[in-house]
Amino acid sequence: MCRTLAAFPTTCLERAKEFKTRLGIFLHKSELGSDTGSVGKFEWGSKHSKERNFSEDVLGWKESFDLLLSSKHGVAAFHAFLKTEFSEENLEFWLACEEYKKIHSATKLASQAHRIFEEFICSEAPKEVNIDHETRELTRTNLQAATATCFDVAQGKTRTLMEKDSYPRFLKSPAYRDLAAQTSATSASPSNCSPAEPLHT
């Protein structure tokens, strides 16, 4: 990928180092038996991800985008990677929509819908996502009678963009490949052999 580190801005190198450091922290916490690592406001995920072995979790991220999004560590790692590409708003919008769907109060739905629209959808939004004009206007119309599905089209297009564009680059990133290799080596170490394999002295 990059042939000359000096050609990159210092901020980009720092962000890349931060991404790799965060992944290393996740691995370290796993080795200590901890599943309570802080992932900031992105600390969420399916209950199934908590039941998975950390090694299976990390290696599963390359199996499908769904597995990555269902892992709290996967979401945090992917977010850290997106920050190095200055495109974290796509994931943040997707996560905001997931949380939005959990709201049952009509009043809260309406207020939260407008907040999400102002933050991610409208032109010149502080975290404007990359969607077409038609989708933006459709979402604006949906706000007139906010429901749990009013962001579905925009969320779907943002998800597709991440899956086809950012996700493959995440899997090819040196930081993820190093972590996956280290995790595989840890899983294959003699200390992790199954009870059915006798230890000879």
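Exposed means over 50% relative accessible area. By that cut-off Glu124, at 73% relative accessibility, counts as exposed. The legends below describe close-up views of a predicted model.

**View 1. Glu124 has a positive phi in a loop.** Glu124 lies in the loop between α7 (106–121) and α8 (133–142). Its phi is positive, about 70°, although Glu124 is not a glycine. With a relative accessible area of 73%, Glu124 is exposed.

**View 2. Phe86 is another non-glycine residue with a positive phi.** The phi of Phe86 is about 55°. Phe86 is found in the loop between α5 and α6. Its relative accessible area is 45%, so Phe86 counts as partly exposed: the partly exposed class runs between the buried limit of 20% and the exposed limit of 50%.

**View 3. Phe78 and Phe170 form an aromatic pair.** The model has 10 aromatic pairs. In this one, the ring centres of Phe78 and Phe170 are 5.5 Å apart and the planes meet at 75°. Planes over 60 degrees apart count as edge-to-face, so this pair is edge-to-face. The pair links distant parts of the chain. Phe78 sits in helix α5 (residues 72–84) and Phe170 in helix α9 (residues 152–172), 92 residues apart. Both residues are buried.

**View 4. Phe170 also pairs with Tyr176.** Here the rings are 5.2 Å apart, centre to centre. The angle between the planes is 35°, and the pair is tilted. Phe170 is buried, with a relative accessible area of 0%. Tyr176 is buried too, at 2%.

**View 5. Seven named aromatic residues belong to one cluster.** They are Trp61, Phe65, Phe78, Phe81, Tyr167, Phe170 and Tyr176. Which residues does Phe65 touch, not counting those up to four places away in sequence? Phe65 touches Phe78, Arg159, Met162, Glu163 and Tyr167. Two of these contacts, Phe78 and Tyr167, are members of the aromatic cluster.

**View 6. The largest nonpolar core has 20 residues.** In soluble globular proteins, nonpolar side chains tend to be buried together. Trp61, Phe65, Leu68, Phe78, Leu91, Met162 and Phe170 touch the most other members of this core. Several helices supply at least two residues each: α3 (54–60), α4 (65–69), α5, α6 (89–100), α9 and α10 (174–187). Helix α5 gives the most, with 5 residues.

**View 7. A second core is separate.** This core has 18 residues. Among them are Phe93, Ile121, Cys122 and Val129.

View 8. How many disulfides does the structure hold? The count is 0. A disulfide is a covalent bond between the sulfur atoms of two cysteines. The sulfur of Cys97 has its closest cysteine sulfur in Cys150, 8.0 Å away, too far for a bond. The cut-off for a disulfide is 2.5 Å between sulfur atoms. Cys150 is likewise in no disulfide, with the sulfur of Cys97 as its nearest. Cys97 counts as buried, at 1% relative accessibility. Cys150 counts as buried at 3%.

Key
Residues are numbered from 1 along each chain as its sequence is written. This is a predicted model: local features need pLDDT of at least 70, side-chain atom pairs count only at pLDDT 80 or more; totals for chains, interfaces and linings use all residues. Side-chain values use heavy atoms; hydrogens and water are left out. Rings of Phe, Tyr and Trp (its six-membered ring) pair if their centres lie within 6.5 Å; planes under 30 degrees apart count as stacked, over 60 as edge-to-face and the rest as tilted. Helices (H or I, at least four residues) and strands (E, at least two) are DSSP runs, numbered from the N terminus. Buried means under 20% relative accessible area, exposed over 50%, partly exposed in between (1.4 Å probe, protein chains only). A nonpolar core is a set of buried Ala, Val, Leu, Ile, Met, Phe, Trp, Tyr and Cys residues joined through side-chain atoms within 4.5 Å. Contact means heavy atoms within 4.5 Å.
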